[in-house]
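Please open the structure in your viewer and keep the selection tool at hand. The stops below go from the whole chain to single pairs of side chains.

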Amino acid sequence: MTDQDNARRSVRSAKLERVLVPVDGSPASERALEYAAHLRPERIVLLRVEVDEPVGPHVDPADPYERWRRDHLSTVMNELESLARSKAATADVVEPKIRFGNPADRIMAEAHDHDLIVMGATGKGAAGRLLFGSVADRVMRNAITPTLVVRTNGDEAEIRPPARVVVPLDGSELAERALPMATRVSAALSIPIRLVRCVGMDEVLHTVREARRSGDAELFESSDDPYKLGQERANREAEAYLEAVPERLGVAGQNVTCERLSGSAAFELLWSLQEDELVVMTSRGRGGLQRWVVGSVAEKLVREAKAPVLLVPVGRAGMESE
């Protein structure tokens, strides 16, 4: 099935069906739940992972530790149910669930049949850098399910629903794999899409070197600076690419706007993003010229952007049945 077929199918079945929200009692996870409810899924699964193993069949029920443990799990379930009523009332169904084991591993295992994981991550300092090495970090890097990270800095500002979906593109097929999920969210919430392509120094130099490699003398026979001519060509190519994307991938007519930015992708996106936008991008892009791996543009946005970031793992478009 082509990306265009996937995109069109996403519009027909726009509403998210199952969203997994791991919660651990922290304000960050509660704010992630609030954001998940704004996405209007059919079902939100509230997941609490306990490190201990479940009680076995031959455990003495009179053992003091086991009595405490049963009481603790009962308290946790009551907390989940209370959280569901207070923070996710707009969802059609909210299902509390307790599982046992390593938190990151259990989250990824439970999410295999879900459309999306929504996680809160705590920031610190002026740059809002995430406390990496956390569960959110492991899930974001390794999950095969698209993962939306809602970064918080301990503030109590209202969690607002997304007003626009932003999709950074670098011209690669891999980056375009974020589009089916982006169109699905856009259609489900009736919000516009902004496609963004950044043309920075690396891309201009790539254009100049490709012209030299291919024997294209146009950039080198003029009295103008080859870099300036390469920049003009790279800008034209980026704009032509953006204009062709909506129709080619089946998202034309969905209130899609296209924008070319000049400069480093990470910095231009950080500067232009607004708090009420939702970034949807793949965790890897072109390779070589601009690699959108966690550790590069995607990681910088997750760490520092005003807006939440939804990462679609390479290898899936974020919505196909598996």
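This is a predicted model: local features need pLDDT of at least 70, side-chain atom pairs count only at pLDDT 80 or more; totals for chains, interfaces and linings use all residues.

Residues are numbered from 1 along each chain as its sequence is written, and side-chain values use heavy atoms, with hydrogens and water left out.

Now colour by pLDDT, the predictor's confidence in each residue from 0 to 100; the average is 81, and 78% of the residues score at least 70. Select residues 285-291, where the pLDDT is below 50, although this stretch has 20 contacts in the model beyond near neighbours in sequence, a contact being heavy atoms within 4.5 Å.

Select helix 10, residues 265-272, and show the side chains of its buried residues, A265, A266, L269, L270 and S272. These buried residues pack against strand 7 (164-169), strand 8 (193-199), strand 9 (256-262), strand 10 (277-282) and helix 11 (297-304). Moving on to helix 11, you will find it mostly covered, with six of its eight residues buried, namely V297, A298, E299, L301, V302 and R303.

Next come the salt bridges, of which the structure holds 18, each being a side-chain nitrogen of Lys or Arg within 4 Å of a carboxyl oxygen of Asp or Glu. Select E95 and R43, whose side chains meet at 3.1 Å, N to O; because E95 lies in strand 3 (residues 93-100) and R43 in strand 2 (residues 43-50), the pair ties together parts that are 52 residues apart in sequence.

Then select E110 and K97, which form a salt bridge at 3.3 Å, N to O, and which join helix 4 (residues 103-110) to strand 3. Are these two residues buried or exposed? E110 counts as buried at 12% relative accessibility, and K97 counts as buried at 10%.

Finish with R260 and E239, whose salt bridge spans 2.7 Å, N to O, and which link strand 9 with helix 9 (residues 226-248), 21 residues apart.

Notes
Buried means under 20% relative accessible area, exposed over 50%, partly exposed in between (1.4 Å probe, protein chains only). Helices (H or I, at least four residues) and strands (E, at least two) are DSSP runs, numbered from the N terminus.
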